[in-house]
Amino acid sequence: MNVFKDSGLELSTCDLNRVGVIMATGIGGMLTFEEEILSFGENGKVPRFNPFFITKLIPNIATGQISIRYGLHGLVFQ
């Protein structure tokens, strides 16, 4: 599947330093946030968060992963 099909963009002919990723989102990972807060210190365990808590929560992780996967070095933001 070519994720760029709708755009008509052919990456093999583009300057990847000028191709970026822009994606709209409200906020990421609210379910993750709730689960982490509720499990923090439950059942007498040592209180701690999952080491991946922040990376699962931030909404712009998808744009970063897309740019890394396709070698895009242009503007990246959400």
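Is Ser-67 buried or exposed, and what is its relative accessible area? In this predicted model, Ser-67 is buried, because its relative accessible area is 9%, below the 20% under which a residue is classed as buried. The residue belongs to helix 3, which spans residues 61-70. Its side chain comes to 2.8 Å from the backbone oxygen of Gly-64. When residues up to four places away in sequence are set aside, Ser-67 is in contact with Val-21, Leu-72 and Val-76.

Thr-32 counts as buried because its relative accessibility is 15%. With residues up to four places away in sequence again left out, Thr-32 touches Phe-53 and Lys-56. For Thr-32 and Lys-56, the C-alpha atoms are separated by 7.0 Å, although the two residues are 24 residues apart along the chain.

The surface was also examined. A nonpolar patch is formed there by Met-30, Phe-33, Ile-37, Phe-40 and Phe-49. Together, these residues have about 440 Å² of accessible area. One of them, Phe-40, is placed in the loop that runs between helix 1 (30-39) and helix 2 (53-57). Phe-40 has a relative accessibility of 37% and therefore counts as partly exposed, since this class lies between the limits of 20% for buried and 50% for exposed residues.

Definitions and conventions. Residues numbered from 1 in each chain as written. Predicted model: local features only at pLDDT ≥ 70, side-chain atom pairs only at ≥ 80, totals over all residues. Heavy atoms only, no water. Patch = residues over 30% accessible without salt bridge, like charges linked within 9 Å, V, L, I, M, F, W, Y side chains within 5 Å. Areas by Shrake-Rupley, 256 points an atom, 1.4 Å probe, with all protein chains shown as cover. Salt bridge = Lys/Arg side-chain N within 4 Å of Asp/Glu carboxyl O. Helix = DSSP H or I, 4+ residues; strand = E, 2+ residues; numbered from the N terminus. Buried < 20%, exposed > 50% of the residue type's maximum accessible area, 1.4 Å probe, protein only. Polar contact = N/O pair within 3.5 Å; in protein donor to acceptor, adjacent residues only side chain to side chain. Contact = heavy atoms within 4.5 Å.
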